[in-house]
Amino acid sequence: MNNESINKYIFYTILAICFLATGGIFVKLSSLPPIATGFYRILFSIPLLYPFVKDEMKKIEFKNIILIILAGIFLALDLIFWNISFSFTTVANANLLANLVPFTIIPLSYFIYKKKFSISFILGGIITIVGLIVLMSGKINPTLENYKGDILAFITSIFYGLFLLTVSKIREKVSALSIIFISGFGGGITLFLTMLLKEGVQYPHSLSELYPLLGLALISQIFGQGLLSYTVGKVDVNLSSIIVLAQPIIATLYSYFLFSEVLSLQEFFGMGIILIGIYIAKKNF
């Protein structure tokens, strides 16, 4: 793949992150408990996707369906641990730790798939993480009281990393939309059972309660997760895991424009470091 094509798919990856970053906004707008909100995000995406995947469904091998369902379970566990972490730690801590996906993907790629990494990729990854810490350091608050939530948020990053790795292995055989559709069954069942145990039966009672859930299904799940699944088949999953670290930049900009949150010089500095790190990381791809 030439450099122009790689840059195009990297742009699509960043666009996917822009869609995914809206998730926090819709969760904030939802009046349902967090796990129930995650459940309806998955549930409502399934009928929206069906018309586009029904023909391909007949051609997918059973073993690939099982792998995709497993990916959906990983994604559901990502949502569950992340949502629960907010009860024990700050939003900033949860956002920082949940995005540390490279700490899962890169070691597994090295030890399991024998992936070799260039010096520029490692250096770029380190610089990107430093930029992430600079961006969030004014808001994060690591304390003994927060440790439980911080651990849950980091576990979130592990399951999301496992989701991306699983998708990267199946993406050459199955389209991105079919992956999101099939994974919805594994993820939906997992979220439904967890909702019953933690929150009981929950459902929207009005259109105002329904709109954020539809926004999550369409923008975060289908556009965001679907587009990211598509680019994972075109961009090395390890590079994708570094680019995902840019998500706090998008979330910060959303907060500035939508909620009039003030951006400090330190936050701009952190954003700049993250972008430099991503640029260095992609040089050999």
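Biologist: Does Ile73 count as buried, exposed or partly exposed, and what is its relative accessibility?

Modeller: Before the answer, please keep in mind that this is a predicted model. The general idea is to compare the relative accessible area with two limits, since buried means under 20% and exposed means over 50%. Ile73 has a relative accessibility of 29%, so it counts as partly exposed. The residue sits in helix α4, and, once neighbours within four places in sequence are left aside, it is in contact with Gly186, Gly187 and Thr190.

Biologist: How far apart in sequence and in space are Ile73 and Phe86?

Modeller: They are separated by 13 residues in sequence and by 21 Å in space, taken from C-alpha to C-alpha. For another pair, Gly226 and Phe74, the separation is 152 residues in sequence and 15 Å in space, again C-alpha to C-alpha.

Biologist: Is Gly226 itself buried or exposed?

Modeller: With a relative accessible area of 5%, Gly226 is buried.

Biologist: What is the volume of the largest pocket, and which lining residues are the closest to its centre?

Modeller: Rolling a probe the size of a water molecule over the atoms shows where empty space is left. The largest pocket has a volume of about 1,000 Å³. Its lining consists of 38 residues, of which Ala21, Gly24, Trp82, Phe86 and Asn95 are the closest to the centre. Helix α12 gives the most to this lining, with seven residues, and by class the lining has 21 nonpolar, 12 polar and five charged residues.

Biologist: How does the lining of the second largest pocket divide by class, and what else can be said of that pocket?

Modeller: Its lining divides into five nonpolar, four polar and six charged residues. The second largest pocket holds about 230 Å³ of space, and of its 15 lining residues Ser168, Lys169, Asp236, Val237 and Asn238 lie nearest the centre. Helix α8 gives the most to this lining, with three residues.

Biologist: How many aromatic pairs does the structure hold, and why is the pair of Tyr110 and Phe111 given its class?

Modeller: The general idea is to look at the angle between the ring planes, where over 60 degrees counts as edge-to-face. The structure holds 14 aromatic pairs. The rings of Tyr110 and Phe111 have centres 5.0 Å apart and planes at 85°, so this pair is edge-to-face. Tyr110 is partly exposed, at 41% relative accessibility, whereas Phe111, at 59%, is exposed. Elsewhere, ring pairs link Tyr9, Phe11, Tyr12 and Tyr230 into a cluster.

Methods
Residues numbered from 1 in each chain as written. Predicted model: local features only at pLDDT ≥ 70, side-chain atom pairs only at ≥ 80, totals over all residues. Heavy atoms only, no water. 1 Å grid on protein atoms, 1.4 Å probe; cavity = no way out; pocket = protein on both sides within 12 Å on 5 of 7 lines; lining within 4 Å. Points joined across faces, edges and corners; volume = space filled by probe spheres on them. Helix = DSSP H or I, 4+ residues; strand = E, 2+ residues; numbered from the N terminus. Nonpolar A, V, L, I, M, F, W, Y, C, P; charged D, E, K, R; others polar. Phe/Tyr/Trp six-rings, centres within 6.5 Å; stacked < 30°, edge-to-face > 60°. Buried < 20%, exposed > 50% of the residue type's maximum accessible area, 1.4 Å probe, protein only. Contact = heavy atoms within 4.5 Å.
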